[in-house]
Amino acid sequence: MKKTMNEKYTIKILVLDDEPFMLKLLTHMLTKLGFPQVTTCDSGRAALECVDSPHCAPDLILCDLNMPEMDGIEFVRKLVEHQYAGSLILVSGEDERVLQTTEKLVQAHQITVLGHLNKPVSPARLGALLEKYTCLSPQKPKVKKVVYSADEVRTAIANGELVNHYQPKVAVASGRVVGVETLVRWNHPLDGMVFPDQFIGVAEEHGLIDALTHTVLIAALAQAKIWRQAGLALRLAVNVSMDNLKSLDFPDLVAGLAAEAGVPPQDVVLEVTESRLMGDLRVPLEILTRLRLKRFHLSIDDFGIGHSSLAQLRDIPFDELKIDRSFVHRAWTDDTLRAIYDASLSLAKQLGMEAVAEGVEDRDDWDFLQRTGCYLAQGYFIAKPMPAADLPGWMEDWRIRLQEQGLAGAGQHSLSAGLINRTVMGKLES
Ligand code: G
Ligand code: G
Ligand code: MN
């Protein structure tokens, strides 16, 4: 939603810089861009006073990083203490890496950063960032993240309120749909659709994760059976928490459930993320090795993030490596991401593992994967996680997109891509 001139008029901007010249220059630029309500401060202390004052309280702060006394980073930390609810633009003569890192730091403080400006500041770039600000709707109430109690999560599992969604994993070269990742959601009777980051941690901390994984697995395997019976060969991936790998009967449990559903272990991928440090690794190691011996696939999820790291690759017989989405999206244009992406891909290849790129969000990402030879791709560009019932329809759309947008690589016949024909569709829809 764009703001009119009138609304621009009401936006209060604070410019913080220790150089009087910069203050003048930025004020001038802002006025020319149609933002007349500008306050200037030459120190962090003065700026915080302004933040606290009801008359001055800014909606947006342009903040210099290098300042004597309080520097920009310290200022941002103080902003959090002063409960600043507005947005921020960083201004500095530092190099791009420093600015990017600082941006991440500020975001970690839950302050909205519109971006950064290199000195000398270009009026066009400032204009573009402000455009971004006025397109956002600052009045929009922030959706508060609720974390649920252990009892609520326990009840949800017992009452069958958890539902599986499935996100396709496709071969980069041909576009063929190779499998799906199961992602659990909680269909909350009052709050609607609740995402896993609001309850998986709770389940892990309160001994509920075995029950949760069990529920997810049973439903996913039942679904896989339906797909198989309809002639759809899809590999089924399920997320497994490290906390599931504490009881030695886990491999037999999984093998039993798969056998009951008639799904061969070769068609099941267990995606493991280590979200917190584990103590004794002997039990999880034994469990994972036994699962591998039973021919289940093991995938190291969110590789490069948190504790999913090189030590895990050394110790655990993974055969799939999922490059975390933070190293995939925009890797085509960012040298740092590109280096990490390349290294991860090369590791996977040298260790004989299949590489999956997560977080493929746009055509640029997709084209980049084709150039670099990653095996599988997953992400919003291909499909968002969806209920099982939506999968056949999506596969048909995907088949058409592959052809019409020429998404499959040169020499590939995208006709085979969907691996789904009318008979299959009919069976699934009936
Ligand atoms: O779409 P998304 O918000 O679904 O998933 C967020 C995170 O939750 C991901 O890191 C994913 O691995 C995790 N997750 C999703 N489903 C499950 C599950 O069934 N079990 C576990 N342990 N983690 C899951
Ligand atoms: O951690 P894991 O890889 O299991 O979780 C997948 C998570 O990533 C889910 O929350 C899923 O909804 C989300 N996801 C899937 N594709 C994309 C994407 O293209 N971009 C972003 N930002 N998130 C994605
Ligand atoms: Mn996963």
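A polar contact is a pair of N or O atoms within 3.5 Å; within protein, one atom must be able to donate a hydrogen and the other to accept it, and residues adjacent in sequence count only if both atoms are side-chain atoms. The model toured here is predicted: local features need pLDDT of at least 70, side-chain atom pairs count only at pLDDT 80 or more, and totals for chains, interfaces and linings use all residues. Residues are numbered from 1 along each chain as its sequence is written, chains are lettered from A and ligands numbered from 1 in the order in which they are written, and side-chain values use heavy atoms, with hydrogens and water left out.

**Stop 1: Asn 239 and ligand 2.** Select Asn 239, where a polar side-chain atom lies 3.3 Å from an oxygen atom of ligand 2. On its own, ligand 2 has 520 Å² of accessible area (Shrake-Rupley method, 1.4 Å probe), and the protein covers 78% of it.

**Stop 2: the manganese ion.** Keep Asn 239 selected and display ligand 3, the manganese ion, which is coordinated by Glu 181 (OE), Asn 239 (OD1), Glu 271 (OE) and Asp 301 (OD) at 2.1 to 2.5 Å. Donors here are N, O and S atoms within 2.8 Å of the metal (3.2 Å for Na, K and Ca); water is not among the atoms, so sites may look incomplete. Along the sequence, the donor residues follow the spacing E-x57-N-x31-E-x29-D. Asn 239 lies in strand β9 and Asp 301 in strand β11 (residues 297-303), so this pair ties together parts that are 62 residues apart in sequence. Strands (E, at least two residues) are DSSP runs, numbered from the N terminus.

**Stop 3: ligand 1.** Next, select Arg 185, with a side-chain N or O atom 2.6 Å from an oxygen atom of ligand 1, and Val 184, whose polar backbone atom is 3.1 Å from a nitrogen atom of ligand 1. The protein covers 76% of the 500 Å² of accessible area that ligand 1 has on its own.

**Stop 4: strands around ligand 1.** Which strand gives the most to the shell around ligand 1? Select β7 (177-188): this strand gives the most, with three residues.

Note on methods
Helix = DSSP H or I, 4+ residues; strand = E, 2+ residues; numbered from the N terminus.
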